[in-house]
Amino acid sequence: MMPKLYVEAVPPADLNKNTEWFMYPGVWTTYILILFFSWLLVLSLFSCAPGTAWTFVNLAHFAITYHFFHWKKGTPFSEDQGIYNSLTWWEQMDNGKQLTRNRKFLAVVPVVLYLIASHTTDYRHPMLFLNTVAVIVLVIAKLPNMHKVRIFGINAGR
Amino acid sequence: MVRLPYVTALTTLFSYGLLFAFGQLRDFFRKIIDWFKSTSKDLKGYAPICLGLEDFYTRRLYLRIQDCFSRPIASAPDAWFDVVERYSKDNNKTLHRTSKTSKCLNLGSYNYLGFAAADEYCTPRVIESLKKYSPSTCSIRVDGGTTDLHTELEFLVARFVGKPAAITFGMGYVTNSAIIPVLIGKGGLIISDSLNHNSIVNGARGSGAAVRVFQHNNAPHLEEVLREQIAEGQPRTHRPWKKIIVIVEGIYSMEGELCQLPEIIAVCKKYKVYTYLDEAHSIGAVGKSGKGVCELLGVDPADVDIMMGTFTKSFGSCGGYIAASKEIVQYLKHACPAQLYATSMSPPAVQQVISALKVILGEDGSSRGAQKLAQIRENSNFFRSELKKMGFEVLGDNDSPVMPIMLYNPAKIPAFSRDCLKQNVAVVTVAFPATPLLLARARICISAAHSREDLLKGLEVISKVGDLVGIKYFPAEPPKHGHQAHKKVD
């Protein structure tokens, strides 16, 4: 029988309930496992080549993480009374501190996905172009210099 | 500090991810359907009350399990009470009451000393005061709302807690959220424990002072935060802070843990900051004579600057109090909006607290107060040790009457709650946002009114439901020595 592995969870001193859940143990593993299982799911649904499946996962990951981390602003709780209404989830993370472990992990994941996707498709077009666009946009959005920057006023509204 | 199996952490995160994904999907379809149905803006130029995503959690997660919260009861919250049955035709979006009730074991009320139901000493006196003073003073304290009952209560509370003077308010929540802005304002610093109650958070936000948080019950981290803040001073100007207050609670109601008061007071004295102790759950429930956390941990009440408490938990009444030095109480009487604009406490409620305090102090001529205090301590320790032996993860320190049982997965919250109700045990389950996201729990509150048979029935039901739901995260102790353990406790 597999022995039960226990982890200790210290409640983090983060007042923002929208981002606090990311500081618990097991989040990174869950993220990676979700990506892996969605690759398996795509493979089983469409019976395509593994490379195409990774490209699909990479692009879906791009769309979902861009929408939730860098587009949607505010928090899903009305008790916060809109103090975070002009900050995206990425900007709220870790109370705005840059270059924390969580942020570095989240910035590395799109790059690793890009490497896996381009390797398994043998660097062929058009997949390579799409994957490159995805990784460039995601990594630029996560740079510390882009904190609270809205290019051309996109997404600066309510 | 909770210990959870790693696999449970992964499954909990995955479940929340799935719930979130389904909620977003439903919202997306709702937006499409709404766009088709009516392109007319009925808003007439007014802004919508809430943006679409603000109540996402309420709409998509809370409403699914709404029947586990806000259950109406039909009797006094004694050890056994009547719970009204409800049904829903549209998957818990709206609930309808029936006229049927079921008698359930009450493991959720803050009825620590058993004063919630009719009491042989308190109730006749309360009825008398109701006839003499009427249910409401219909006035603010400053105008005509201070009866001799109110002044008697303030003397009694000050004597009970061990401070020179006290002041009472009509509502416990308001005591925190209206006092903190009066004590400190812009240019001051509030350092509060990370798990403080919402009333304190509200008061701190409303005061205009800067708020910093220190790790729960961690005196070294408090010292670190204090040193950093005192060295930096106010933001941007770096001038010294006008005032620094550290706010902690006696018993944290979501963890059942006691505050590490001696260490925190030592740190505060070293840096000359004020301390504010919120004893809502600990006054009257812990300590040899019920005087709260200070008595239990051996801290002199004179070391804590402001002691706050409520009458709702151990005294079976409503309202709150602040006990502090004569100067502070005098200032509060003139400056606090809850004194100047809010109706004073209802006189029968005041009489209930006075009688309850007399019973606890033993001044009613019997030893029922000491009996109740011994009973609740015995009950809590017995219940907690039995639960731990069964393999549940129970938080909280010994002697604390609040014990949360960890559930973690979001699906176990309604499963545990509904299954217990089917077997006539009423428990309170707490989820996000009252607790951190991953750490959902069922919170048990033990009362002095529970007899040994009640506790055994509760344990039996919780054990059965725990097996069904799968929350015995730790290995259970074998019942080999159960025989001897029972002998020891009795």
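Contact here means heavy atoms within 4.5 Å. By that criterion, helices H2(A) and H3(A) meet through residues that include Tyr31(A) and Trp39(A) on one side and Trp54(A) and His61(A) on the other. The model is predicted.

**Helix packing in chain A: H2 and H3**

- Helix H2 of chain A spans residues 27-46 and helix H3 of chain A spans residues 50-71; their axes lie 9 Å apart at an angle of about 130°.
- Angles from 65 to 115 degrees count as roughly perpendicular and those over 145 as roughly antiparallel, and H2(A) and H3(A) are therefore oblique to each other.
- The crossing of H2(A) past H3(A) is right-handed.
- H2(A) contributes Tyr31(A), Leu35(A), Ser38(A), Trp39(A), Val42(A), Leu43(A) and Phe46(A) to the contact, and H3(A) contributes Pro50(A), Ala53(A), Trp54(A), Phe56(A), Val57(A), His61(A) and Thr65(A).
- In this contact of H2(A) with H3(A), eleven residues are nonpolar, three are polar and none is charged.

**Helix packing in chain A: H5 and H6**

- Helix H5 of chain A (residues 101-120) packs with H6(A) at an angle of about 170°, and the axes are 9 Å apart.
- H5(A) and H6(A) are therefore roughly antiparallel to each other.
- On the H5(A) side the contact is made by Ala107(A), Pro110(A), Val111(A), Tyr114(A), Ala117(A) and Ser118(A); on the H6(A) side it is made by Leu128(A), Asn131(A), Thr132(A), Val135(A), Leu138(A) and Val139(A).
- The contact of H5(A) with H6(A) comprises nine nonpolar residues, three polar ones and no charged ones.

**Ala141 of chain A**

- Ala141(A) belongs to helix H6 of chain A, which covers residues 127-141.
- Ala141(A) counts as buried because its relative accessibility is 16%, and the cut-off for buried is under 20%.
- Beyond neighbours within four places in sequence, Ala141(A) is in contact with Tyr66(A), His70(A), Trp90(A) and Met146(A).
- Phe77(A) is 64 residues from Ala141(A) along the chain, and the C-alpha atoms of the two are separated by 25 Å.

**Helix packing in chain B: H5 and H6**

- The axes of helix H5 (residues 172-183) and helix H6 (residues 198-207) of chain B come within 7 Å and cross at roughly 25°.
- That angle makes H5(B) roughly parallel to H6(B).
- H5(B) passes H6(B) in a crossing that is right-handed.
- Tyr173(B), Asn176(B), Ser177(B), Ile180(B) and Pro181(B) represent H5(B) in the contact, while H6(B) supplies Asn198(B), Ser199(B), Ile200(B), Asn202(B), Gly203(B), Ala204(B), Gly206(B) and Ser207(B).
- By class, the residues of the contact of H5(B) with H6(B) are five nonpolar, eight polar and no charged.

**Gln352 of chain B**

- Gln352(B) sits in helix H12 of chain B, residues 347-361.
- With a relative accessible area of 9%, Gln352(B) is buried.
- Not counting residues up to four places away in sequence, Gln352(B) touches Phe115(B), Cys122(B), Val126(B), Phe315(B), Gly316(B) and Ser317(B).

**UniProt annotations on chain B**

- An unreviewed UniProt entry places the feature "transmembrane region" at residues 6-25 of chain B.
- In the model, residues 6-25 of chain B are 100% helix and 0% strand, with end C-alpha atoms 29 Å apart.
- For residues 103-462 of chain B, UniProt (unreviewed entry) lists "domain: Aminotransferase class I/classII large".
- Residues 103-462 of chain B are 42% helix and 15% strand, and the end C-alpha atoms of this span are 17 Å apart.

Definitions and conventions: Residues are numbered from 1 along each chain as its sequence is written. Chains are lettered from A and ligands numbered from 1 in the order in which they are written. This is a predicted model: local features need pLDDT of at least 70, side-chain atom pairs count only at pLDDT 80 or more; totals for chains, interfaces and linings use all residues. Side-chain values use heavy atoms; hydrogens and water are left out. Axes are lines fitted to C-alpha atoms, for helices over the stretch in contact, and angles run from 0 to 180 degrees between N-to-C directions. Helices (H or I, at least four residues) and strands (E, at least two) are DSSP runs, numbered from the N terminus. Angles under 35 degrees count as roughly parallel, over 145 as roughly antiparallel, 65 to 115 as roughly perpendicular and the rest as oblique. A crossing is left-handed if the near helix is turned anticlockwise from the far one by less than a right angle, and right-handed if clockwise. Ala, Val, Leu, Ile, Met, Phe, Trp, Tyr, Cys and Pro count as nonpolar, Asp, Glu, Lys and Arg as charged, and the others, Gly among them, as polar. UniProt positions are given in the numbering used here, feature names are shortened, and annotations may be inferred rather than shown by experiment. Buried means under 20% relative accessible area, exposed over 50%, partly exposed in between (1.4 Å probe, protein chains only).
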